[in-house]
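Hi,

Here is the complex I said I would pass on. Have a look at it first, and my notes come after.

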Amino acid sequence: MPALPQTGEERAVDIALTYPWALLLLPLSLVPFFARQAKSLRYSSLSILPFDGLSFLFSNGVKLLTALVMLLLIVSLTKPYQKEQTVERMGKGAQIVILLDRSASMNENFAGRYFGGGASESKVAMARQLLSEFVLQRQDDFFGMVSFSTAPIHVLPLTQDKEAILAAIRATKTRGRGVTNIAPGLYMGLSYFSDIPVTGSRVILLVSDGAAKIDIDTQTTLTQLFHQNRVMLYWVYLRNKDSARLDTKPANINESTTPEYFLHQYFQSMGIPYRSFEAENPQALQEAIKAIGELENKPIRYTEKIPRKDLAETCYLWTLAGLFLLLLIKYFEVKTEQKLIKRYL
Amino acid sequence: MIEEFHYQIPWRTSSAHPGRHLGRHSGGEHDFQGHAPLISRPEAHNIDVHASLLDPFQQYVVRTFRQRSVINVTVIADLSASMGFQNKMATLAKFTEQAAYSAARSGDHFGFMGCGADIIPEFYMPPRWYKGGTAELAESLRHYHPASTNAKGLLTVQEYCPRHRSLIFLVSDFHYPLQDIATLFDSLLKHDVIPVVMWHPDEYEQLPEWGLFTLSDPETGREKTLLMRPGLKKKIIQAFNAQREQLKHLFIRNGRQPFYLNDAFEADQMTRYFYEQ
């Protein structure tokens, strides 16, 4: 007989214990049925008292509850958890790696002035704001993030966790440093895709305000990688008023003074789907991002891992609730003979 | 001051010691028995002139009398753990003291036997004239915490009772199966046994209307949780009343009405009890 395929639902009941040895204490939960009450009133002889069904039910109910509370407590001690699960989901959208320029020039505004790290109209702040909105709009996309300046920083691998990616974007509030060194950033961004199956369109969203020279060998490798991983490239170029445009050939054409033009040329020559957006002011940047949002809407199939869930907390809560109930019952119990009489007299 | 009650017995004692109660032996000058010829009883001071004149044989006739004698008054107390409820021991001590004092005042012998699983040596006093020696007994009774899980010793007391028929106060809460009580009474058939039933109002009448508590039986060690409510209280009182009724039948069959002893007890109640018999 062929084995049945395991589905997500079937594994939902997978519960395991961290400290199974605590189950050795289980017989202790039978104690309430044998132990004597801590506070019982001395009576002459029970033989004469009539049988009372309600009292019988109640006292046995309390014993059962006590046993249950002890049982729960022991189970809590074993620290049970639900095992990690994988759930298959259908989604629309793409795998997008945000490649954010964190060079010193990103701290300036579009006019090329620096107003301090927290200034709201700096290029990086603008990019941050718009990227956050973009991420929020794209519900089903995977996002990854690399920030780069002189060297790239691995920030967040591809994930669907919106909180995480938003936090990663927020984390760029610190002041950027260094120069724009695009090639290593692209390397790292591409490396994000290498371990993951192709389930939808893949995009590297490069947000930068400048470029750097990429030597021929690196160019070849990058082109190869782009093709291998089937990655599209969108470049949002945050242009200063004085900087060179991407399309028009600059007057003093030189790899070190106008690297943007050459980089654009190179990207176009790679033979992959490539689009560039020149954003000279906040509005333009917004439009560029909107355009990207409209581009990528292919359905993708992917599996999501749900991390193992700790059930001990729930157990403790139930134990606490049971204990509270027991305390309440004990509170209403008459504990001394004196009280029993005084109540009446 | 120790209160005193007066007891009377509807039978003649065979004891030869002069005392207050009707006896079987001839003698004395109070209890008229009948007539006898002077020849058989040469007691000239007892010549009954009227009877002599009426005598068909024209003999001198003398009056004969029966002697009044002492009896034994014995208190047999159940000292099992159930008697430790509330102030039952104090009540028992008080009653014992009064019985001893009353017996001494009547010139009778007094004895005491306290029984747990066996007769407790500390609480065994053979029938004697105790004029002032019972205060100590009462004191030790008052401070005694009964712990015995049964009162089987009661079934052996008849071996230690006096030979003659004596007055016995059997003090117990009678929380036993009726069969056992009947056996006990059968063993004491020779004596005039007055069942003194010690029930405390807290056991049934004065239970609260509402409440949640656990009662423990000191003899069996069992526990019972009660969710008290007026209906249940009524049921408990009914159970006690039913027991009271059954005990009454059993006691009357053995010759005496039960006397109910609780902490509101006064000696006059006992005196009245004897008058009502």
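Below is what I found, starting with confidence and then going through the interface and each chain.

Keep in mind that this is a predicted model. The predictor gives an ipTM of 0.72 and a pTM of 0.64 for the complex. Chain B has a mean pLDDT of 89, with 100% of its residues at 70 or more. For chain A the mean is 79, and 84% of the residues reach 70 or more. Within chain A, the element with the lowest mean pLDDT is helix α1 (residues 8-11), at 44, while α10(A) has the highest, at 91. Over residues 1-11 of chain A the pLDDT stays under 50, and the model has six contacts beyond four places in sequence for that stretch. Where pLDDT is low, the predicted coordinates should not be read in detail.

**The interface**

Chain B puts 30 residues into the contact and chain A puts in 26. On the chain B side, β8 (211-216), β9 (223-228) and α5 (230-253) are the elements that give two or more residues.

Between the chains, strand β2 (residues 41-42) of chain A runs parallel to β8(B), and two bridges join them. Leu41(A) has Leu215(B) as its bridge partner in β8(B), and Arg42(A) has Ser216(B).

Inside chain B, β8(B) and β9(B) are antiparallel and joined by six bridges. Leu215(B) turns up again here, with Lys224(B) as its bridge partner in β9(B). The two strands make a hairpin with six residues between them, where Gly221(B) has a positive phi near 80°.

Trp210(B) counts as partly exposed because it has 13 C-beta neighbours inside 10 Å. Leaving out residues up to four places away in sequence, Trp210(B) touches Met228(B) and Arg229(B).

**Elsewhere in chain B**

There is another hairpin in chain B, made by β4(B) and β5(B) with three residues between them. Strand β4 (residues 109-115) and strand β5 (residues 119-128) of chain B pair antiparallel over four bridges. In this pair, Phe112(B) is opposite Met125(B) in β5(B).

**Chain A**

Chain A has 11 helices and 12 strands. Of its 345 residues, 32% count as buried. Taking the contacts in chain A with a separation of 6 or more, 83% are between residues 24 or more positions apart.

One helix I went through in more detail is α3 (residues 53-77) of chain A. Its 25 residues reach 36 Å from first C-alpha to last, close to the 36 Å expected at 1.5 Å a residue. The buried residues in α3(A) include Val62(A), Val69(A), Met70(A), Leu72(A) and Leu73(A), along with Thr66(A) and Ser76(A). The buried residues of α3(A) pack against α2 (31-34), β3 (80-82) and α10 (312-332) of chain A. Just after α3(A), Lys79(A) has a positive phi of about 55°.

**The cores**

In soluble globular proteins, nonpolar side chains tend to be buried together. The largest nonpolar core here has 57 residues, and Ile98(A), Leu99(A), Leu205(A) and Val236(A) have the most contacts inside it. Not counting residues up to four places away in sequence, Val236(A) touches Leu205(A), Leu206(A), Val207(A), Phe277(A), Ala279(A), Leu285(A) and Ala288(A). Apart from this core lies another of 56 residues, among them Phe95(B), Phe174(B), Val193(B) and Leu226(B).

Over to you, and thanks.

Note on methods: Residues numbered from 1 in each chain as written. Chains lettered and ligands numbered in written order. pLDDT = per-residue confidence, 0-100. Contact = placed C-beta atoms within 7 Å. Pairing = 2+ DSSP bridges. Buried ≥ 20, exposed ≤ 12 C-beta atoms within 10 Å, placed from the backbone. Core = buried A, V, L, I, M, F, W, Y, C linked by C-beta atoms within 7 Å. Expected span 1.5 Å × (residues − 1).
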